[in-house]
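These are my notebook entries on a structure that I had not examined before. I record what I looked up, entry by entry.

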Amino acid sequence: MENAPKPLLRALSGEAVWPPPFWLMRQAGRYLPEYRALRAQAGDFIRLCTNPALAAEVTLQPLRRYGMDGAILFSDILMLPWAMGQPLRYAEGEGPLLEPIRDAEGLAKLDPAGAAARLAPIYETVSRVRAGLAQEAPKAALIGFAGSPFTVACYMVEGRGGGEFAHARRMAYADPALFGKLIRLLVDSTTEYLLAQAEAGAEALMLFDSWAGLLSPAQFRRWSIEPSAAIVRNIRKVRPDIPLIGFPRLAGPLLPEYAQRTGVSTVAMDTAMDPRWAATAVPAEVALQGNLDPQAVVAGGAAMEAEARSILAAMRGRPFVFNLGHGIVPPTPPEHVAALARVIRMG
Ligand code: 1CP
């Protein structure tokens with residue numbers, strides 16, 4: 001494959017770039033005062049995600065402060081069910097609330113054919129961010145994303161986050177035909193959604209499977225690995241070289257199997273993963289990304305720096321992208337992120 005010049009794309013494609021490129025999950029969000037100001041201006045969160053000028057601005061905010069190697073589109077994994085017509089709102093302090101889908105009638109109400117039109121402003125945001133990066137941060141790459149079918153199905157069936165998604169996991173056992181129908185619908189719509197982001201200018205794509213670790217090993221293979229592998233195959237037919245990042249959170253010892261069977265170019269490690277183990281267990285041609293504890297960044301200081309350095313030591317010589325093990329949290333002091341960036345840049 002040709003040597004892509006942007007450091008993040010080189011690392012995601014399997015090159016050991018050092019010091020490693022970095023970006024942070026949820027880097028554009030609630031810990032930044034400039035985000036909170038803009039969020040207040042937009043009002044509702046969905047309005048912010050569907051306002052290309054504001055969403056593009058929010059996407060670029062963290063890069064201006066910290067010079068990350070990647071920008072992640074400002075949107076949410078639940079914009080896809082929203083675009084298929086599932087009622088969604090974000091309640092203050094409660095997170096997302098959807099009208100739960102528990103039976104075939106609920107599933108039949110979805111309108112996947114109408115999704116593309118409702119997602120158009122998000123594709124417009126992608127194009128604007130690409131143009132903004134060319135102006136402001138020409139070495140940074142734009143990451144598009146979606147939730148994995150399983151994680152999105154968790155919210156669609158449960159109707160909310162914050163728990164263990166008992167209804168969704170139970171449906172997967174009790175009515176695998178219905179759950180499988182929902183998953184297949186999500187494989188198709190997620191493929192289209194990600195390809196459209198790439199078409200609009202996303203240079204790498206990430207699949208967030210934040211709740212994969214709730215599954216038994218057999219269910220993990222069926223509902224996390226298989227649908228993710230199908231999406232990777234579909235995307236590769238159209239975009240054979242675009243870097244694909246998979247994040248099967250809390251996959252534990254199934255991480256190498258996930259990497260091999262899905263065919264992603266990079267696997268993201270969660271906070272609990274031992275990077276020294278992953279460095280040898282995951283084939284060397286697959287890049288790794290991760291995995292500093294977001295709480296270490298809230299704490300900052302010597303404890304944060306020691307953790308960051310031990311991750312760097314475990315990953316040296318390997319294709320690697322420094323990141324957190326989960327999303328950055330609202331109480332994070334912005335100056336701790338600046339200190340972390342300095343540690344990473346020292347390699
Ligand atoms: O009030 C607000 O400002 C809304 C808070 C918020 C934000 C800033 C939500 C609601 N989503 C987002 C943005 C978001 N979500 C991004 C954009 C990039 C960025 O912020 O830099 C991305 C990539 C996501 C992905 C996402 N949303 C995931 C996967 C990653 C992860 O953290 O595990 C998940 C599970 C969601 C669902 C979701 N959306 C919002 C919240 C609070 C949640 C989590 C709910 C729960 O705990 O179950």
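I note at the outset that the model is predicted.

**Entry on helix 16.** I then looked at the helix itself. Helix 16 spans residues 334-346, which makes 13 residues. From its first C-alpha to its last it reaches 19 Å, close to the expected 18 Å. I listed its buried residues as V337, L340, V343 and I344. Seen down the axis of helix 16, these fall within an arc of 115°, so they line one face of the helix. The general rule I recalled is that an α-helix has 3.6 residues a turn, so residues three or four places apart point the same way. On the face turned away from the buried side I found the exposed residues E335, R342, R345 and M346. I also checked what covers the buried residues of helix 16: the cover includes helix 4, helix 14, helix 15 and strand 9.

**Entry on helix 12.** I repeated the search for residues 255-262. The buried residues of helix 12 are L255, Y258, A259 and T262. They cover an arc of only 100° around the axis, which puts them on the same side of helix 12. I found them packed against helix 11, strand 6, strand 7 and helix 13. Just after helix 12, G263 takes a positive phi of about 80°.

**Entry on backbone angles.** R26 has a phi of about 60° and lies in the loop between helix 1 and helix 2. R26 is partly exposed, with 18 other C-beta atoms within 10 Å. F165 has a phi of about 55° and is found in the loop between helix 8 and helix 9. With 22 C-beta neighbours inside 10 Å, F165 counts as buried.

**Entry on cis peptide bonds.** I noted that the bond from W18 to P19 is cis, with omega near -10°. P19 is placed in the loop between helix 1 and helix 2. The bond from G290 to N291 is also cis, with omega near -20°, and N291 belongs to strand 8.

**Entry on the ligand.** I counted 23 residues around the ligand, of which A28, G29, G161, F208 and S210 come nearest. By class, I recorded 10 nonpolar, nine polar and four charged residues in this shell.

**Entry on the record.** In an unreviewed entry, UniProt places the feature "domain: Uroporphyrinogen decarboxylase (URO-D)" at residues 143-159. I found the end C-alpha atoms of this span 27 Å apart, and the span to be 59% helix and 29% strand.

Key: Residues are numbered from 1 along each chain as its sequence is written. This is a predicted model: local features need pLDDT of at least 70, side-chain atom pairs count only at pLDDT 80 or more; totals for chains, interfaces and linings use all residues. Helices (H or I, at least four residues) and strands (E, at least two) are DSSP runs, numbered from the N terminus. The expected span of a helix is 1.5 Å times one less than its number of residues. A residue is buried if 20 or more other C-beta atoms lie within 10 Å of its own, exposed if 12 or fewer, and partly exposed in between; C-beta atoms are placed from the backbone. The arc is that of the directions from the helix axis to the C-beta atoms. Two residues are in contact if their C-beta atoms, placed from the backbone, lie within 7 Å. A residue is near a molecule or strand if its C-beta atom, placed from the backbone, lies within 6 Å of it. Ala, Val, Leu, Ile, Met, Phe, Trp, Tyr, Cys and Pro count as nonpolar, Asp, Glu, Lys and Arg as charged, and the others, Gly among them, as polar. UniProt positions are given in the numbering used here, feature names are shortened, and annotations may be inferred rather than shown by experiment.
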